[in-house]
Amino acid sequence: MEQSRDKLQLRLMWERIRNGDEAAYFDLYAQLYPELVRFGIRSFGDADLASEATDNVFLSIWERRANLERVEQVQSYLISILKRKLIRLTERRQKLSKALQAAIDQDEWTEMSYEEFIIRVQSDEIVQFKLKQALSKLTFRQKQIVQLKFFEGLTYEQIAEKTDMTVKTCYNTLYDALKIMRKEFYDF
C-alpha cells in the first residue's frame, strides 16, 4: 500500500515539474537523488561517475521540463535515463583515456594544447555528428580558423598571414569558436 502511495506521489511531483514547479523538482531531487547515486555506484563501481551522471539526469529534467512526457513509473524511468548517462560518460572517459595514452605513447602530449587534444579525441560517428553540429553554430571566419589550426595544423602566424588578420585576432577568434564548441559538447 505504501509503495503505491510513493509511486503516486512521484507521478504527481513529475506532473508538477512538467508544469514548471520548482519546489516539486527539488522534492523529487531530494527523494530520489541518493537512491540513483547508489544505483550508479552498484552498477559501475565509481562514486564520482555516479554522482556526475545523476546530476546530469536532474539537470536535463529541469532544462527540458516543458517537453517532458507523462511517466507512470518515475523511478524506473529515471534509472533508465541514468543507465544511458552512465554508459555515455564511461565511453567518453575511455575515449579520453585512449587518446591521452596514444598522445603519451607518441610523446606529443607535452606539445599538444587542450583544444588539439580534444579535437584528436573526436573519432567516432556520434562525436563527429556532435562536432558537425557545433561547427554549424560558428561564423564563417571561426570555421576557417578552426579548419586552419586543427585540420591543417597551421600556426597562428601562418593563419594570420593566410587570412589577412592579426595574430591576436586569430587567437581571439579561435578562442570564441572553442567556447561555442565546448558549450555544444557539455551535455554530450
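Student: In which helix is the place of Gln-142?

Tutor: Gln-142 sits in helix H7. One caution before we go on: this is a predicted model.

Student: Is Gln-142 buried or exposed?

Tutor: Read the relative accessibility against a cut-off. Buried means under 20%. Gln-142 has 9% relative accessibility, so it counts as buried.

Student: What is Gln-142 in contact with, leaving aside its neighbours within four places in sequence?

Tutor: Its partners are Thr-173, Asp-176, Ala-177 and Ile-180.

Student: Let me step back to the whole chain. How many helices and strands does the chain have?

Tutor: There are 9 helices and 0 strands. Written from the N terminus, the order of elements is α-α-α-α-α-α-α-α-α.

Student: What share of the residues counts as buried?

Tutor: The chain has 188 residues, and 34% of them count as buried.

Student: What about contacts between residues at least 6 apart in sequence: what share joins residues at least 24 apart?

Tutor: That share is 63%.

Student: How do I read the largest nonpolar core, and which residues have the most contacts inside it?

Tutor: Start with the general idea. In soluble globular proteins, nonpolar side chains tend to be buried together. Now the case here. The largest nonpolar core has 27 residues. Those with the most contacts inside it are Trp-14, Leu-28, Leu-32, Phe-58, Ile-61, Val-74 and Leu-78.

Student: Which elements give two or more residues to this core?

Tutor: Helix H1 (2-18), helix H2 (22-44), helix H3 (47-63) and helix H4 (74-105) do. H2 supplies the largest share of this core, with 8 residues.

Student: Take Leu-32. What is it in contact with, beyond its neighbours within four places in sequence?

Tutor: Leu-32 is in contact with Leu-10, Phe-58, Val-74, Gln-75 and Leu-78. There is also a second, separate core of 16 residues. Among its members are Ile-145, Val-146, Ala-177 and Leu-178.

Student: Now helix pairs. At roughly what angle do the axes of H2 and H3 cross?

Tutor: They cross at roughly 150°, and the axes come within 8 Å. Angles over 145 degrees count as roughly antiparallel. H2 and H3 are therefore roughly antiparallel to each other. Their crossing is right-handed.

Student: Which residues of H2 meet H3?

Tutor: On the H2 side, they include Tyr-25, Leu-28, Leu-32, Leu-36 and Phe-44. Across from them in H3, the list includes Leu-49, Thr-54, Phe-58, Ile-61 and Trp-62. By class, the H2 contact with H3 has 16 nonpolar, 3 polar and 2 charged residues.

Student: Pro-34 is found in which helix?

Tutor: Pro-34 is in helix H2. With a relative accessible area of 36%, Pro-34 is partly exposed. Pro-34 and Ser-51 are 17 residues apart in sequence, and their C-alpha atoms are 9.1 Å apart in space.

Student: How far apart are the C-alpha atoms of Lys-83 and Gly-40?

Tutor: They are separated by 7.6 Å, while lying 43 residues apart along the chain. Lys-83 belongs to helix H4. Its relative accessibility is 41%, so Lys-83 counts as partly exposed.

Student: Back to H7. How do its axis and that of H8 cross?

Tutor: The axes of helix H7 (residues 140-151) and helix H8 (residues 156-163) come within 10 Å and cross at roughly 135°. That makes H7 oblique to H8. The crossing is right-handed. H7 brings Arg-141, Gln-144, Ile-145, Leu-148 and Lys-149 to the contact, and H8 brings Tyr-156, Ile-159, Lys-162 and Thr-163. By class, the contact of H7 with H8 has 4 nonpolar, 2 polar and 3 charged residues.

Student: Is Val-146 buried or exposed?

Tutor: Val-146 is buried, with a relative accessible area of 1%. Val-146 lies in helix H7. Leaving aside neighbours within four places in sequence, Val-146 is in contact with Leu-135, Leu-138, Phe-151, Leu-174, Ala-177 and Met-181. The C-alpha atoms of Val-146 and Ile-159 are separated by 9.9 Å.

Student: Last one: what is the phi of Asp-164?

Tutor: General idea first. Most residues other than glycine have a negative phi. Asp-164 is not a glycine, yet its phi is positive, about 60°. Asp-164 lies in the loop between H8 and helix H9 (167-185). At 73% relative accessibility, Asp-164 counts as exposed.

Note on methods:
Residues are numbered from 1 along each chain as its sequence is written. This is a predicted model: local features need pLDDT of at least 70, side-chain atom pairs count only at pLDDT 80 or more; totals for chains, interfaces and linings use all residues. Side-chain values use heavy atoms; hydrogens and water are left out. A nonpolar core is a set of buried Ala, Val, Leu, Ile, Met, Phe, Trp, Tyr and Cys residues joined through side-chain atoms within 4.5 Å. Buried means under 20% relative accessible area, exposed over 50%, partly exposed in between (1.4 Å probe, protein chains only). Helices (H or I, at least four residues) and strands (E, at least two) are DSSP runs, numbered from the N terminus. Contact means heavy atoms within 4.5 Å. Axes are lines fitted to C-alpha atoms, for helices over the stretch in contact, and angles run from 0 to 180 degrees between N-to-C directions. Angles under 35 degrees count as roughly parallel, over 145 as roughly antiparallel, 65 to 115 as roughly perpendicular and the rest as oblique. A crossing is left-handed if the near helix is turned anticlockwise from the far one by less than a right angle, and right-handed if clockwise. Ala, Val, Leu, Ile, Met, Phe, Trp, Tyr, Cys and Pro count as nonpolar, Asp, Glu, Lys and Arg as charged, and the others, Gly among them, as polar.
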